[in-house]
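Here's a quick tour of a protein fold, made for someone just starting out. Keep the 3D view open and click along as you read.

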Amino acid sequence: MAAVATTKPFAPFEWAMAKRYLSGHKNGFVSVIAILAFIGITLGVMALIVVMSVLNGFHTTLTSKILGLNGHMIVRPLGRDFTDYLEVTQRVKQVPGVRLAIPMVEGQVLVSSPSAANGIYVRGMREDDLRSLKEVSSKIVYGSLDGFDERPGIVIGIRLANALNVTAGDTVSLISPRGVSTPFGMKPRIKPYRVKAVFEIGMVTYDTTIAFMPLTEAQKFFNVRNAAHVLEVMVDNPDNIDDFRGPLTQAAGNDMAMTDWRKRNSDFYDALAAESVMFFIIVSLAMLLASLNIVSSMVMLVKENGMEPRSGSGRTPGLVHPL
């Protein structure tokens, strides 16, 4: 196989031009300005590349973690209980481009152990759906998801486990203010659960405040028997989520409200967008300053060469000798 010819960064003509205008001249100050401007614009371009790469990497990492755990489109019923969630789930899964459709029961509770207590957000889902969330199922550090649907239990993040001083196999209590109504008022619902597994996603928010339990058990605990709260839909290309709104509405029904992932996480992405624009403007100003230095040095160099006397003549350009 013939060797592939490599292309050098600069052609010989470009090196010759750079050497001519950066080499020493009669007025050495011009060359110093040109060299400093060349270094300045090099550092400016390098800073721009580094800053934009870091911001894009952070944006990609944050997006992958958020979209790996949350649905790209949230579907919920309007003015009725979501009792037909199984039928809606099957219809939504038939939409081209839909990767997952997860019915879910969710709510805020207080979790306590003998040593501490913390407020968390519980999500009830089926075992197969939880395993499909690779950000959770592939990052189990203690315990296992085997038999998740068979017995009541809970899966928590590692930071929450450390705060409660528990691990897989220990028991914690969930306390919900929406309990049983009695003649003396609303009685909180308190129920112990065994910690089945501990996961570590890598984001403090999720590892501290998110927990999972079986869907049927969550329906009992939150008193929504035979119903779900929302249907989380994941698609192949979340950046084009607007293209799925029409087909999903047709599949789920016109009495469904839909919220995409950009609206649910608007605070994160608005801050990232503003930060990216400001960094780009700041670094671009540095590059513009270095470019102006190069232009000014080149203008001074041309003026200097234009004022030098021609060889072999005693005249200076621009001066008229008397007859």
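What follows is a short briefing on this chain, grouped by topic.

You're looking at a predicted model, where local features need pLDDT of at least 70, side-chain atom pairs count only at pLDDT 80 or more, and totals for chains, interfaces and linings use all residues. Residues are numbered from 1 along each chain as its sequence is written, and side-chain values use heavy atoms, with hydrogens and water left out.

**The big picture**

- The protein chain has 11 helices and 10 strands; helices (H or I, at least four residues) and strands (E, at least two) are DSSP runs, numbered from the N terminus.
- Of its 323 residues, 37% count as buried, where buried means under 20% relative accessible area, exposed means over 50%, and partly exposed is in between (1.4 Å probe, protein chains only).
- The protein chain's accessible surface is about 19,000 Å², and 61% of that belongs to carbon and sulfur atoms; these areas come from the Shrake-Rupley method with a 1.4 Å probe, and for residues, only the protein chains shown count as cover.
- Among contacts with a separation of 6 or more, 73% link residues 24 or more positions apart (contact means heavy atoms within 4.5 Å).

**How confident is the predictor?**

- The average pLDDT (the predictor's confidence in each residue, from 0 to 100) is 80 for the protein chain, and 81% of the residues score at least 70.
- Over residues 318–323 the pLDDT is below 50, and this stretch has 2 contacts in the model beyond near neighbours in sequence.

**Strands side by side**

- Strand β1 (residues 73–77) has 4 of its 5 residues buried, so it is largely enclosed by the rest of the structure.
- β1 pairs with β9 in the antiparallel sense over 3 bridges (two strands pair if DSSP finds at least two bridges between them), and here Met-73 sits opposite Val-233.
- β1 also pairs antiparallel with β10, over 5 bridges, with Met-258 as the bridge partner of Val-75.
- β2 and β3 (residues 117–125) are antiparallel partners over 8 bridges, and they make a hairpin with 4 residues between them.
- β3 runs parallel to β8 (residues 210–214), joined by 5 bridges, and Met-125 stands opposite Pro-214 there.

- Which residues of α3 (residues 85–93) are buried? They are Tyr-85, Val-88, Thr-89 and Val-92.
- Looking down the axis of α3, the buried residues fall within an arc of 105 degrees, so they line one face of the helix; the arc is that of the directions from the helix axis to the C-beta atoms.
- Those buried residues pack against β2, α8, β9, α9 and β10.
- The largest nonpolar core has 71 residues, and Val-92 is one of the members that touch the most others; a nonpolar core is a set of buried Ala, Val, Leu, Ile, Met, Phe, Trp, Tyr and Cys residues joined through side-chain atoms within 4.5 Å.
- β2 gives the most to this core, with 8 residues.
- Beyond its neighbours within four places in sequence, Val-92 is in contact with residues including Val-98, Leu-231 and Leu-248.

**A buried histidine**

- You'll find His-72 in the loop between α2 and β1.
- His-72 counts as buried because its relative accessibility is 2%.
- Leaving aside neighbours within four places in sequence, the contacts of His-72 include Arg-99, Val-233, Asp-260 and Trp-261.
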